[in-house]
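Biologist: Let us go through this model together. I will ask what stands behind each label.

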Amino acid sequence: MRTAAHSPTPDATPTTTPTPTTTPAPAPAPATTPGGGPTLAVTALATTVALMNYTAPMATLPETAEAFGTPASAQAWLLNGTPLGLAALLLVAGALADAHGRRRVFLLGTLALGVTTALGAFAGSTALFTAARIAQGAASAAILAGSLGLLADAYPSGRDRIRATGVWGAAVSGGIALGPLLAGALALVEWRSAYAALGAVALATAALGARALAKPPAVRPPGGGRRPDLAGATTLALALGALLTALTLGRDGWLRPAPALLLLASVALTALFLLVERRVADPMVDPGLLRQPAFRASTVGALFTGLAVIGLFSVLPALLQHGAGLSALAAAGLFVLWSGTAFAVALQARRLAGRLSAPYQLALGFVLSAAGVLVLLGTADSPALPWPRLVAGLVVAGAGSGLLNAALPRLAVDSVPPERAAMGSGANNTARYIGSAAGVSLMLALSAASPDTALAASAALALAGAALTVAGSPRR
């Protein structure tokens, strides 16, 4: 027997209320994917380890230089290897992550960081240690570009993305804080042991990530046919190498031919890089993005964060050891006042999201950093440390750094289309580490005259960064 469940005949009169012809509004897309929690945990952990590796030499620079017999004029290379590798490879890593899979690039970078960091513990000369640090920077580039790309996938928009990028920024600050502390503590036994420990943690993180990160669908990602921009990567790396070498050699005299020729070579290679990016089919940076105010604000903010903030605080522990006679562990403990404050502020910065745009948050961060650094004038070379001023300056500067670390990743992924999120991360972090590599060389050169000269330069650069970030920000 037939039931009413079957279709009525064409002339049957419907007995129910007709369905409205208007289409109901679609449900809003979720702000986060089901795998968001594990993705945030793994990417934050790997980022922390990468930044710990980056900052570890800050606390043990005197011991490392003594072990290798590194002259003062070449000590910048002991700190600059990793930022050089980061700056040269971040754009390539971002393009590869967008084209061939962010999970794959992230995991390969974490694995490579573990191997190269462990190998760095066995380096026997300045050249070999610097080479290992450059390789670690290249591996960290894959981690940083891939991690923000993964977060952009896991947190498509809304307050959850603001919270996730704030946690990621706090991981940056946490890694910066813990690296010198770990290195300073282990330096009581052997300064090399910090690199062996960090290598082991990075390898464990790679294994955890392989299990915890969801595998992407088998569908080829958009842009999967892109080829890496090797010409652009090569010219950028050569331009950075020439710039850093010029800044390092300049400590022995800026009027000599070698620094001047290297600076000219750096300018020429940078121009060649820009020309290459305009002509290649798949550039590392889409030239059209440079016309976007948000992207420009992101890039300028990152560049001056490296120059003004990371550059100074990369050398401050060594200045405290030399000028105030502190041990590596004591200098690292003071450094935690700055970086620990940055960590706490970055975690809480999401509360500003609805009240202060990212570019203006960057400007506030620069102003606070400059204010804190100015308070530190006269402290770095004083045998009797003025503790109240030292603590106040580090805390205020740390608050500024926390605001910078929270705003930069948010602006990096928001200023580019979703499918280019890893490229946006790569461009942002490239600017940051170009600035930090140049900043380290500059601050070491200026501190040879007096620490206060470096501090004053850092404050001036921070204020310039605040002005330029606001000037280039999107109009409300």
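Biologist: Leaving aside neighbours within four places in sequence, which residues is Leu404 in contact with?

Modeller: Leu404 is in contact with Thr305, Val309, Leu362, Gly365, Phe366 and Pro409. Contact means heavy atoms within 4.5 Å. This is a predicted model, where local features need pLDDT of at least 70, side-chain atom pairs count only at pLDDT 80 or more, and totals for chains, interfaces and linings use all residues. Residues are numbered from 1 along each chain as its sequence is written, and side-chain values use heavy atoms, with hydrogens and water left out.

Biologist: Why is Leu404 called buried?

Modeller: Buried means under 20% relative accessible area, exposed means over 50%, and partly exposed is in between (1.4 Å probe, protein chains only). Leu404 has a relative accessible area of 0%, so Leu404 is buried. Leu404 lies in helix α12. Its C-alpha atom is separated by 9.5 Å from that of Pro359, 45 residues apart along the chain.

Biologist: What makes Ala204 partly exposed?

Modeller: Its relative accessibility is 48%, so Ala204 counts as partly exposed. Ala204 sits in helix α6 (residues 193–212).

Biologist: Why does Ser458 count as buried?

Modeller: Ser458 has 1% relative accessibility, and therefore counts as buried. Its place is in helix α14 (residues 451–471). Not counting residues up to four places away in sequence, Ser458 touches Ala308, Leu312, Val373 and Met443.

Biologist: How many helices and strands are there in the protein?

Modeller: There are 14 helices and zero strands. Helices (H or I, at least four residues) and strands (E, at least two) are DSSP runs, numbered from the N terminus. Of the 476 residues in the protein, 54% are buried.

Biologist: How do you know that the span of α8 agrees with its number of residues?

Modeller: The expected span is 1.5 Å times one less than the number of residues. For the 23 residues of α8 (residues 257–279) that should be 33 Å, and the end C-alpha atoms are 33 Å apart, so the values agree. The buried residues of α8 are Pro259, Ser266, Leu269, Phe273, Val276 and Glu277. Their cover includes α2 (76–100) and α7 (230–249).

Biologist: At what angle do the axes of α10 and α12 cross?

Modeller: Roughly 35°, and the axes of α10 (residues 328–348) and α12 (residues 387–414) come within 7 Å. Axes are lines fitted to C-alpha atoms, for helices over the stretch in contact, and angles run from 0 to 180 degrees between N-to-C directions. The crossing is right-handed. A crossing is left-handed if the near helix is turned anticlockwise from the far one by less than a right angle, and right-handed if clockwise. The residues of this contact divide into 15 nonpolar, four polar and no charged. Ala, Val, Leu, Ile, Met, Phe, Trp, Tyr, Cys and Pro count as nonpolar, Asp, Glu, Lys and Arg as charged, and the others, Gly among them, as polar.

Biologist: Is the crossing of α1 and α3 left-handed or right-handed?

Modeller: Left-handed. The contact is made by Val42, Thr43, Ala46, Val49, Ala50 and Asn53 of α1 and Phe106, Thr110, Leu113 and Thr117 of α3. By class, six are nonpolar, four polar and none charged.
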